[in-house]
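This briefing sets out selected computed features of one protein structure, grouped by topic.

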Amino acid sequence: MAQLDSRHAAAGRPARRPGPSGNTDVRERILDMSEYLFATQGFSATSMRQIAERVEVTAAMIHYYFGNKKKLLQAVMERVLEPLAGGMAALAKRGETSVPELTRLMFSMAADHPYLPQLITREVFLPGGTMQAEFLQHFAPRLGGRLPGILEREQQAGRLAANFDPQLTAVLILSLCFFPFIARPVAEAALGVCYDEDGLQSLSEHVEGLLERGLQP
């Protein structure tokens with residue numbers, strides 16, 4: 001799981017992931033910085049020029065890659081959510097899926113992209129979110145929308161407790177996987193939760209353990 005580079009964090013920047021050549025790809029740098037600024041400042045409060053200045057490129061280059069700011073936001077979300085939807089589809093097609101597998105899939109996404117849960121909260125969950133309609137149409141059915149069916153299948157096979165409502169249980173699984181990242185500023189300052197690589201591993205294991213033991217038949 002990716003760890004936030006302390007040097008970039010101190011500078012108010014997300015960690016950059018190296019490209020295949022060992023150098024940071026410009027397009028990925030734009031997406032990384034956009035993810036960070038859209039999440040921490042909000043879509044409306046973040047300008048293309050501001051993103052360009054942080055990445056040290058021109059605004060024209062961002063327009064070249066993405067067209068406009070709304071399409072840039074879509075690209076930020078699609079970069080993470082499309083692979084996650086593919087992973088959920090693969091689990092749904094299998095004959096058996098464990099709760100730890102479900103939580104690891106979602107938790108790894110949030111750990112590799114720690115600002116995305118906050119971004120989704122701002123631009124999808126809150127009233128008037130810029131991406132709410134698009135998310136409900138293109139992603140919700142393929143992400144959390146798959147969970148109740150997977151859980152019901154596991155219940156029918158006797159691998160999960162049958163007295164839990166699949167829809168409500170899906171909401172709780174999503175909450176446990178993503179809320180720690182939304183609450184990160186407070187969790188670090190008030191609770192002393194550590195979000196380095198070891199801390200994220202421990203947090204993942206705690207979530208898996210709570211869910212697995214709680215849903216045992």
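**Briefing on salt bridges, core and surface**

E82 and R142 form a side-chain salt bridge with an N to O distance of 3.1 Å; a salt bridge is defined as a side-chain nitrogen of Lys or Arg within 4 Å of a carboxyl oxygen of Asp or Glu. This pair links distant parts of the chain, 60 residues apart, with E82 in helix α5 and R142 in the loop between α8 (132-138) and α9 (147-156). Helices are DSSP runs (H or I, at least four residues) numbered from the N terminus.

The model is predicted: local features need pLDDT of at least 70, side-chain atom pairs count only at pLDDT 80 or more, and totals for chains, interfaces and linings use all residues. Residues are numbered from 1 along each chain as its sequence is written, and side-chain values use heavy atoms, with hydrogens and water left out.

**Salt bridges**

- The whole structure contains 11 salt bridges.
- E82 counts as partly exposed because its relative accessibility is 36%, and R142 is likewise partly exposed at 26%; buried means under 20% relative accessible area, exposed over 50%, and partly exposed in between (1.4 Å probe, protein chains only).
- E101 and R94 are joined through their side chains by a salt bridge of 3.0 Å, N to O.
- E101 is partly exposed, with 26% relative accessible area, and R94 is partly exposed, with 37%.
- In the salt bridge between R159 and E96, the closest N and O atoms are 4.0 Å apart.
- R159 lies in the loop between α9 and α10 (166-182) and E96 in the loop between α5 and α6 (99-112), so this pair ties together parts that are 63 residues apart in sequence.
- R159 is partly exposed at 30% relative accessibility, as is E96 at 47%.
- E28, D32, E35 and R79 belong to one network, joined by salt bridges that share partners.

**Nonpolar core**

- The largest nonpolar core comprises 58 residues, and I51, I62, L72, M77 and L81 have the most contacts inside it; such a core is a set of buried Ala, Val, Leu, Ile, Met, Phe, Trp, Tyr and Cys residues joined through side-chain atoms within 4.5 Å.
- Helix α5 (residues 69-93) supplies the largest share of this core, 11 residues.
- Leaving aside residues up to four places away in sequence, L81 touches L116, I120, F135, F139 and L143 (contact: heavy atoms within 4.5 Å).

**Surface**

- Y64 is located in helix α4 (residues 59-66) and counts as exposed because its relative accessibility is 68%.

Methods. Helix = DSSP H or I, 4+ residues; strand = E, 2+ residues; numbered from the N terminus.
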